[in-house]
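Here are my notes on the model, for reading beside the sequence. Please keep the viewer open and follow the points in order.

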Amino acid sequence: LYRGKSKTVHATDDPDLLWLTFLNDATAFDGAKKAQLDRKGEVNCKINAFIMGKLEAAGVRTHFVRVLSDTEALVRKLAMLPVECVVRNVVAGSMSKRLGIPEGTVLPAPIFEFFYKSDALHDPLINDSHIEVLGWATCDEIARMKALTFRVNDVLKPLFAAAGITLVDYKLEFGNYRGELLLGDELSPDGCRLWDSTTNEKMDKDRFRRDLGNVIEMYIEVAKRLGVPL
């Protein structure tokens, strides 16, 4: 059905289910930078399955159904909303550039941001009014996305902290399934900023963006610290 930057999406015999294949493709800057990284698909697939399981256990419903292989997963088919939800616990990336705040500044409370999902427009920052007036989501869906995103933060911050990792920020995407808003896409080092809690060494996709090297080695280290079997 679709080949994205990190996954392919396939139909199944069940119209309510999709089959995802996690790829070894690595991209940055809306696809301007590309590479193939051995084992990336496998590691992200397994980290994602682990995190989705933790969220489900905490009462956050997701599209994830089960792992099919080292690089494949079965998920519910969602009608995705064209927005990304970002929570920032520490200043980094675009927030640092936009506001001139030094990267690494710890925030006194998490900050929530909406972005319009569009590679062509470089995922611009938007607000609730844009979403409601332009018909991308309803008021109820906006409120629900915010509540669920903060709930995810409450679950994942201590989970990563226990593994010696700071959850700096992350993005989530949501979609509707039979009248219910569910968490979709994936949660992996591709979509989270993760820093070593002691050294602040980057353990996420910024290693690829910034040519820091040892990208997959750090993804594997994240998996090992979380207790994800590889």
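**Notes on the model**

1. Setting aside residues up to four places away in sequence, Ser-188 touches Asn-44 and Ile-47. Contact here means heavy atoms within 4.5 Å. Ser-188 sits in the loop between β14 (180–183) and β15. Its relative accessibility is 2%, so Ser-188 counts as buried. Buried means under 20% relative accessible area, exposed means over 50%, and partly exposed lies in between (1.4 Å probe, protein chains only). Helices (H or I, at least four residues) and strands (E, at least two) are DSSP runs, numbered from the N terminus.

2. A word on the basis. This is a predicted model, in which local features need pLDDT of at least 70, side-chain atom pairs count only at pLDDT 80 or more, and totals for chains, interfaces and linings use all residues. Residues are numbered from 1 along each chain as its sequence is written, and side-chain values use heavy atoms, with hydrogens and water left out.

3. Asn-44 is the partner to look at next. It belongs to helix α1. Asn-44 counts as buried because its relative accessibility is 2%. Beyond its neighbours within four places in sequence, Asn-44 contacts Phe-22, Glu-186, Ser-188, Pro-189, Asp-190 and Tyr-219.

4. Helix α1 covers residues 40–57, 18 residues in total. From first C-alpha to last it reaches 26 Å, close to the 26 Å expected at 1.5 Å a residue. The expected span is 1.5 Å times one less than the number of residues. Is α1 mostly covered or mostly exposed? Mostly covered: 14 of its 18 residues are buried. Just after α1, Gly-59 has a positive phi of about 95°.

5. Helix α6 (residues 215–226) has 12 residues, which should span 16 Å at 1.5 Å a residue. Its end C-alpha atoms are 17 Å apart, which agrees. Among the buried residues of α6 are Val-215, Met-218, Tyr-219, Val-222 and Leu-226. An α-helix has 3.6 residues a turn, so residues three or four places apart point the same way. The buried residues of α6 pack against α1, α4, β12 (165–172), β15 (192–196) and α5 (206–209).

6. Now the aromatics. Rings of Phe, Tyr and Trp (its six-membered ring) pair if their centres lie within 6.5 Å; planes under 30 degrees apart count as stacked, over 60 as edge-to-face and the rest as tilted. By this rule there are three aromatic pairs. Phe-112 and Phe-114 have ring centres 4.7 Å apart and planes at 85°, so this pair is edge-to-face. Phe-112 and Phe-114 are both buried. Tyr-116 and Trp-136 make a stacked pair, 4.2 Å centre to centre with 10° between the planes. That pair links distant parts of the chain: Tyr-116 is in strand β10 (residues 106–116), and Trp-136 is in the loop between α3 (128–133) and α4 (139–161), 20 residues apart. Tyr-116 counts as partly exposed, at 21% relative accessibility. Phe-112, Phe-114 and Phe-150 form one aromatic cluster.

7. Ile-131 lies in helix α3. At 0% relative accessibility, Ile-131 counts as buried. Which residues does Ile-131 contact, leaving aside its neighbours within four places in sequence? They are Val-83, Phe-114, Ile-126, Trp-136, Ala-137 and Ile-142.

8. Check two arginines. Most residues other than glycine have a negative phi. Arg-39 has a positive phi, near 80°. Arg-39 is in the loop between β5 (33–36) and α1, and is partly exposed, with a relative accessible area of 31%. Arg-178 has a positive phi of about 50°. Arg-178 lies in the loop between β13 (174–177) and β14, and is exposed, with a relative accessible area of 67%.

9. Last, the whole. The protein has six helices and 15 strands. Of its 230 residues, 52% count as buried. Along its principal axes, the C-alpha trace spans about 45 × 40 × 35 Å.
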